[in-house]
Amino acid sequence: MKNLKDKVVLIAGGAKNLGGLLSKGFSAKGAKIAIHYNSDSTKAEAENTLKEITEAGGKAIILQADLRKVDSIKHLFSETERQLGKIDIAINTVGMVLKKPFLETTEQEYDTMFEVNSKIAYFFIQEAGCVLNDNGKICTIVTSLLAAYTGLYSTYAGAKAPVEHFTRMASKEFGYRGISVTSVAPGPMDTPFFYGQESEDAVAYHKSASALGGLTKIEDIAPLVEFLVTDGWWITGQTIFANGDIQLDR
């Protein structure tokens, strides 16, 4: 991996799970980290991630923001710049999942899912394109459900699907500045984000559906994200599926 010493990395949702692992991983490689968290419910985890980084000799800050508001996205970027310097890498791990039959989904649920999974992604990429250093990198976490033939995830997969197009369009428009834009689509990940929506039967199915066996681990995804925003920067405008060849056909 290229030297990340003194590079500035902003990670939306950087307090816990995959985001927390990325925050600590980039810090260990010399980067300065802006750890975003959404609300008081994740503040303690953001503080714990910050503590781990600083105790290991790294430089990091934590920033709270409700990214459903575009002004909050702009403030997140500007405050990162103010405290750490110009941003080199921007990663968005934010997402919300809903597993519910199509015929039972409410208008409010639809609006919330698209706000969190589509709107935030769009304006995060937009702001990154405005303020990143030349040769910067942008990466968004989506889902392998984008390639699935299944039911019950219409608003989750549906709201993540536009990010593939955002990624392509942004890569085309930002490419003249050397900025690469990618998205990563993990399979069902072994985190609380996954288990909150699934029955025991569904969990068992997902564990057995991967050709490589088991659920996706955050440790499987973090190195891929790190690669795409460093040595693998020539890969741009693409969504990379990393799921152990899971067969999501139901």
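Biologist: Which residues form one aromatic cluster with Tyr-122?

Modeller: This is a predicted model. Its aromatic cluster includes Tyr-122.

Biologist: At what angle do the axes of helix H4 and helix H5 cross?

Modeller: Helix H4 covers residues 107–131, and helix H5 covers residues 154–174. Their axes come within 9 Å. The crossing angle is roughly 15 degrees.

Biologist: Is H4 roughly parallel or roughly antiparallel to H5?

Modeller: The axes cross at roughly 15 degrees. Angles under 35 degrees count as roughly parallel. Therefore H4 and H5 are roughly parallel.

Biologist: Is the crossing of H4 and H5 left-handed or right-handed?

Modeller: Residues on both helices make the contact, among them Tyr-110 and Met-113 of H4, and Thr-155 and Tyr-156 of H5. Tyr-122 of H4 and Phe-166 of H5 also take part. As for the hand, H4 passes H5 in a crossing that is right-handed.

Biologist: Are the rings of Trp-233 and Trp-234 stacked or edge-to-face?

Modeller: A search of the whole structure gives five aromatic pairs. The ring centres of Trp-233 and Trp-234 are 5.3 Å apart. Their planes stand at 80 degrees, so the pair is edge-to-face.

Biologist: Is Trp-234 buried or exposed?

Modeller: Trp-233 has a relative accessible area of 29%, which makes this residue partly exposed. For Trp-234 the relative accessible area is 72%. The cut-off for exposed is over 50%. So Trp-234 is exposed.

Conventions. Residues are numbered from 1 along each chain as its sequence is written. This is a predicted model: local features need pLDDT of at least 70, side-chain atom pairs count only at pLDDT 80 or more; totals for chains, interfaces and linings use all residues. Side-chain values use heavy atoms; hydrogens and water are left out. Axes are lines fitted to C-alpha atoms, for helices over the stretch in contact, and angles run from 0 to 180 degrees between N-to-C directions. Helices (H or I, at least four residues) and strands (E, at least two) are DSSP runs, numbered from the N terminus. Angles under 35 degrees count as roughly parallel, over 145 as roughly antiparallel, 65 to 115 as roughly perpendicular and the rest as oblique. A crossing is left-handed if the near helix is turned anticlockwise from the far one by less than a right angle, and right-handed if clockwise. Contact means heavy atoms within 4.5 Å. Rings of Phe, Tyr and Trp (its six-membered ring) pair if their centres lie within 6.5 Å; planes under 30 degrees apart count as stacked, over 60 as edge-to-face and the rest as tilted. Buried means under 20% relative accessible area, exposed over 50%, partly exposed in between (1.4 Å probe, protein chains only).
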